[in-house]
Amino acid sequence: MNKKMNILMFSGDYDKALTALILANTAKEMDIEVTIFFAFWGLLLVRNPNSMSEEDKTAYEKMFANMTPRYLEDLPLSKMNFAGMGKKMLKEMMEDKEAPTLTDFLNGAIEKGIRMQACKLSCEIMGFKQNELLDNVEIVTAEDYLKDALESNIQLFI
Amino acid sequence: MNKKMNILMFSGDYDKALTALILANTAKEMDIEVTIFFAFWGLLLVRNPNSMSEEDKTAYEKMFANMTPRYLEDLPLSKMNFAGMGKKMLKEMMEDKEAPTLTDFLNGAIEKGIRMQACKLSCEIMGFKQNELLDNVEIVTAEDYLKDALESNIQLFI
Amino acid sequence: MNKKMNILMFSGDYDKALTALILANTAKEMDIEVTIFFAFWGLLLVRNPNSMSEEDKTAYEKMFANMTPRYLEDLPLSKMNFAGMGKKMLKEMMEDKEAPTLTDFLNGAIEKGIRMQACKLSCEIMGFKQNELLDNVEIVTAEDYLKDALESNIQLFI
């Protein structure tokens, strides 16, 4: 029987998302089943940048949708100013090594069929509608998350 | 036999605490046994706002007790300035949806009998006495945490 | 058979590292096998302060090596400005209680034979060579991390 890993992706930081998606892709290649549950800031990782609906949004929701990064590569680092090293520097270092970007890893995860879920309550609070998320993302409840996590061999909160 | 979940609550951030307590409450409703071990900044979630003892405190402990938020609703976001979205905006968005506050979720957890523990070493370093914590919170060691975590099906560090 | 704990140490923050190493040392004393996998900022915890090689480094790697803290005790707090409480204050409070420092806990972990691994990809991106890490640290892949985590009873992302 396949082993399972469940990642609760709370953070919307570039460096944490990179780590989560590298783990997820590597696990999937090892035949480990992977579910990522995107909650809170993590929702910013599964926005559909080409589909932002202004309809049915409150003033706050519109403001939020417009103020937060629309594209993956624009997400900040968890330590923006850590020792003065900025996001630009990290990305240059990654480019030097021809390391894939966050977008590459996310696309890889989608192609590999990694299960992606968005937290229903987070979507409601932040005002994200199903059509504003990537196609493969399913909106589920905290109860669904817990059921999947209980069946998993590894659970991480990132 | 009941399934178990153990949360090590390290962070004192409003958004992370909200996520932890929603998971804890949902799990308990699913008959999953839940233990939350509050360490470091997490201790700020289980302060008794009506009982701050100045006795037996060093100068630093007094300063710390007075400078940190006394009330749950005053805790900061993990991303205070994330894309310029402040705490106020999040709380307004939650109110719009009539979502419960952090205080509501903590009270729910207490009523449901979710086990709450405070890290002994953290209490010692930060100078928190038993009477400064909520009544249902028991002070335990890292060893006690590990024993509970070992018996749990899900362990999260938040 | 021994129980196992696996910690993925992503953060380079003083307070989070302290928590991770206290858990690791306590677990080891309880005969729990412990592996710590240092990735991303976590690599800063296992630098060898006496061995920094400028050779074979790109301009960015040199800049990064010189701008990030060389010594454990110089690592920042995850909440540097949390309620105005700085790192100095925490360290004074720890000294008052004669609590060991982060360096003490790391040395304890090394003496106890806690397995320490550095993430290969993180080393490559940040330009850390084997001789720039502490002697007991082995460079391994994300796949190695996952194998160890799968066999562990507790997995934490810190």
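## Sheet in chain A

A:Met116 has A:Val137 of β4(A) as its bridge partner. This is a predicted model, where local features need pLDDT of at least 70, side-chain atom pairs count only at pLDDT 80 or more, and totals for chains, interfaces and linings use all residues. Residues are numbered from 1 along each chain as its sequence is written, and chains are lettered from A and ligands numbered from 1 in the order in which they are written.

Strand β3 (residues 115-119) of chain A pairs with β4(A) in the parallel sense over four bridges. Pairing requires at least two DSSP bridges between two strands; strands are DSSP runs of E with at least two residues, helices runs of H or I with at least four, both numbered from the N terminus. The open sheet of five strands runs β4-β3-β2-β1-β5 in chain A, with parallel pairing. Its edge strands, β4 (137-140) and β5 (154-157) of chain A, each pair on one side only.

## Nonpolar core

The largest nonpolar core has 164 residues. Such a core is a set of buried Ala, Val, Leu, Ile, Met, Phe, Trp, Tyr and Cys residues joined through C-beta atoms within 7 Å; buried means 20 or more other C-beta atoms within 10 Å of the residue's own, with C-beta atoms placed from the backbone. Among the residues with the most contacts inside the core are A:Met9 and C:Phe38.

## Helix α6 of chain B

In α6 (residues 142-150) of chain B, the residues B:Ala142, B:Tyr145, B:Leu146 and B:Ala149 are buried. Seen down the axis of α6(B), these buried residues fall within an arc of 95° (taken from the directions from the helix axis to the C-beta atoms), so they line one face of the helix.

Conventions: Buried ≥ 20, exposed ≤ 12 C-beta atoms within 10 Å, placed from the backbone.
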